[in-house]
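Please look over the sequence and the 3D structure below before reading on. The paragraphs after it go through some parts of the fold in turn.

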Amino acid sequence: MARIEVREATVLSCREFIGADGMCWKEAEIAWTAPDYAPGQYVMAARKKKEFPCPSPLMIQEKRRDGFLVYIHQRSPLWEVSVCEMLTLWGPCGKGVEIKRPYIAISDPAGYLFVEPVVRGLPGCVRQYIIGRKPEREERRLGREIRFVCGLEEIWEEERLGEPGEDRDWLAALPFALANQWKEEAPESIRARTMIFTGVKVGCGIGACRGCYIHGEGQGIPVCQNGPFLPVETIDYKKGQKFLAHFI
């Protein structure tokens, strides 16, 4: 079990925005001084106003001078947070993403908010794909040219026809059906180099409750400790499908 710092923190600002998935999200800045974190890590947060506070995982989007930025979905128990409200936080949780060569990022519109903090914080992203239509309204500035494509086959074909000798890793955040398709059908040269966001219903974030364990290739995987980004080849999607979902 990891040693995680628990502290109280203040919500510094809140505002709603429309995400790449066309849904309403809330951007919240939360006071934070230390410890530092790596791209891909998250914090657990609970509202102190609740009689029985339910913790929820929040991906750390970026560090600000006085705190860090998170995005909250309407379905999250934290949706009603307000400015100056006190939260209980513990983290950072999980492992940061480590990619040592140039990489390509891929997601669905909702998963964009999980790969983006890694792309922003980890140099070397050479291309970024989103599976789906470009939204008519999107308040977040995407920040780089992003290719909107119809499906995984289109991506694989583009990469097959790309520059010969390219040596790329892959970073992905996909819903279950597409993640399973990636595991089953992606070219081996791509699949073997893919780190994929593995969202589960995280209960504690410290490895104590075992609520986040999923089936791996021959072993159980505590996602809150080893993830949330894992090598796609280690995940058994057939056995783990009822546990797997984006955490929001």
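This is a predicted model: local features need pLDDT of at least 70, side-chain atom pairs count only at pLDDT 80 or more; totals for chains, interfaces and linings use all residues.

Residues are numbered from 1 along each chain as its sequence is written, and side-chain values use heavy atoms, with hydrogens and water left out.

Helices (H or I, at least four residues) and strands (E, at least two) are DSSP runs, numbered from the N terminus. Begin with strand E8, residues 103–107, where five of the five residues are buried. Buried means under 20% relative accessible area, with a 1.4 Å probe and protein chains only. In a regular strand the side chains alternate between the two faces of the sheet. In E8 both faces are covered: Tyr103, Ala105 and Ser107 are on one side, and Ile104 and Ile106 on the other.

What lies beside E8 in the sheet? Two strands pair if DSSP finds at least two bridges between them. E8 runs parallel to strand E9 (residues 125–131), with five bridges joining the two, and five bridges also join E8 to the parallel strand E11 (residues 169–173). Isoleucine 106 has tyrosine 129 of E9 as its bridge partner, and isoleucine 104 has tryptophan 170 of E11.

Helix H2 covers residues 152–160, and its buried residues are Leu152, Ile155, Trp156 and Glu159. Seen down the axis of H2, these residues fall within an arc of 95° (taken from the directions from the helix axis to the C-beta atoms), so they line one face of the helix. Among the elements that cover them are E8, E9 and E11.

A nonpolar core is a set of buried Ala, Val, Leu, Ile, Met, Phe, Trp, Tyr and Cys residues joined through side-chain atoms within 4.5 Å. The largest one has 33 residues, and Ile106 and Leu152 are among those that touch the most other members. E8, E9, H2 and E11 are among the elements that give two or more residues to this core. Apart from it lies another core of 20 residues, including Val11 and Trp79.

Rings of Phe, Tyr and Trp (its six-membered ring) pair if their centres lie within 6.5 Å; planes under 30 degrees apart count as stacked, over 60 as edge-to-face and the rest as tilted. The whole structure has seven aromatic pairs. In one of them, phenylalanine 17 and tyrosine 71 are edge-to-face, 5.0 Å centre to centre with 65° between the planes. Phenylalanine 17 lies in strand E1 and tyrosine 71 in strand E6, so the pair ties together parts that are 54 residues apart in sequence.

Key:
Buried means under 20% relative accessible area, exposed over 50%, partly exposed in between (1.4 Å probe, protein chains only). Contact means heavy atoms within 4.5 Å.
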